Amino acid sequence: MSAFADPAIIKMAQEEFIPVAIDDWYQRRRKDKEGEFFRGVAVASGKPNNGGTLQGIYCFAADGTPLGYKNAGQDARVMKQVFEEALFKFDKLPAAQRKPGGITIEEHGRLDPTYSRTPPTDGLILKVYTRIVDYKDDGYCKGTCAKTGGDKAARDHMWLTADEVQSLVPVKAEVGAKFPVPPKIVERMIRYHLVDNTRGEPHHWTREQIRAKRFTLTVTAATPEAIELKLEGEAILATDGDIDRADRGYEVRLLGSLRYIPKKKTFDRFDITAIGSHWGDTPLTLGARLGKSLLGVTFELGADKPGDKVSPQGIRDRDEYLGGR
């Protein structure tokens, strides 16, 4: 959402509000107190609860009193007005309702396991950024797009389980040793994260749409303190076996640098860049650039921050996302 790339909006969200990011797909379905609270805020804010989406930007007090609502935040000026009106309404609430601890929040009780997602214990969270790219003066630059917000970076997360983290460690850490990236990790990265989500929620690739793939890791340095790995990969993704007839596709190459710390049994570096020719769109990502154009995707380690723990968009189907082959 382009409004939240605006410094003034970021400052207001961080200093005047307590920002909370949730996925409406889960919240409107979950059968627990958290879901009930969200649906109550949505309805009280004027969002019809007709079984469809309840997506939007909601401003509300701790007890659920609605203060403001906007379906989306493309325009920073409009979003600033919504925030200002919400703050005005908040200031008009009784003092006891506004002071810290003025509202007693009851325990949320048992969470609906069907619609709850938590990062895997001892696994890894990777931050994923996607951006359209252009080629200029023998180098890459920020891409241009006629679609509003299409030139902004999209964000997602990729999760790896503890077992998958260890599967990336070479059995023999000898410089020059080469081995394939485990298939489950490759499939997850390809299907759910090598996608153009810059203009909305894309259709993820199916297994059948993976036309070619090759991912390898090479040990570039090895000491008792750290094992450094170079990742090289390439993939062809297309909606048709005949690439020239595919209405959507991505021919992409990847290069990455990983560092494993044996003492901590985890990675402290996980930098991967993917870039290639992408074409086509999906019903929720309309407005793609005509023909084949450059699309870049980067992966890096997440931190222990609340925002980094937002679940991957593709994990709505948990078994399919984590299962793989």
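This is a predicted model: local features need pLDDT of at least 70, side-chain atom pairs count only at pLDDT 80 or more; totals for chains, interfaces and linings use all residues.
**View 1. Lys47, a buried lysine without a salt bridge.** Lys47 lies in the loop that runs between helix 3 (33–44) and strand 1 (57–60). Its nearest side chain of opposite charge is that of Asp24, 7.7 Å away. The side chain of Lys47 does make a polar contact of 3.1 Å with the side chain of Asn71. Leaving aside residues up to four places away in sequence, Lys47 touches Ala42, Thr53, Leu54, Gln55, Tyr58, Tyr69 and Asn71.

**View 2. Glu106, an exposed residue in a loop.** The loop holding Glu106 is the one between helix 5 (95–98) and strand 3 (124–136). Glu106 has a relative accessible area of 57%, and counts as exposed because that class begins over 50%. A polar contact of 2.7 Å links the side chains of Glu106 and Lys33. Pro262 is 156 residues from Glu106 along the chain, and the C-alpha atoms of these two residues are 43 Å apart.

**View 3. Cys141 and Cys145, with no disulfide.** The structure contains zero disulfides. For Cys141, the nearest cysteine sulfur belongs to Cys145 and is 14 Å away. Seen from Cys145, the closest cysteine sulfur is that of Cys141, at 14 Å, and therefore too far for a bond; the cut-off for a disulfide is 2.5 Å between the sulfur atoms. Cys141 is partly exposed, with a relative accessibility of 28%.

How values were computed:
Residues are numbered from 1 along each chain as its sequence is written. Side-chain values use heavy atoms; hydrogens and water are left out. Helices (H or I, at least four residues) and strands (E, at least two) are DSSP runs, numbered from the N terminus. Buried means under 20% relative accessible area, exposed over 50%, partly exposed in between (1.4 Å probe, protein chains only). Lys and Arg count as positive and Asp and Glu as negative; His and the chain ends are not counted. A salt bridge is a side-chain nitrogen of Lys or Arg within 4 Å of a carboxyl oxygen of Asp or Glu. A polar contact is a pair of N or O atoms within 3.5 Å; within protein, one must be able to donate a hydrogen and the other to accept it, and residues adjacent in sequence count only if both atoms are side-chain atoms. Contact means heavy atoms within 4.5 Å.
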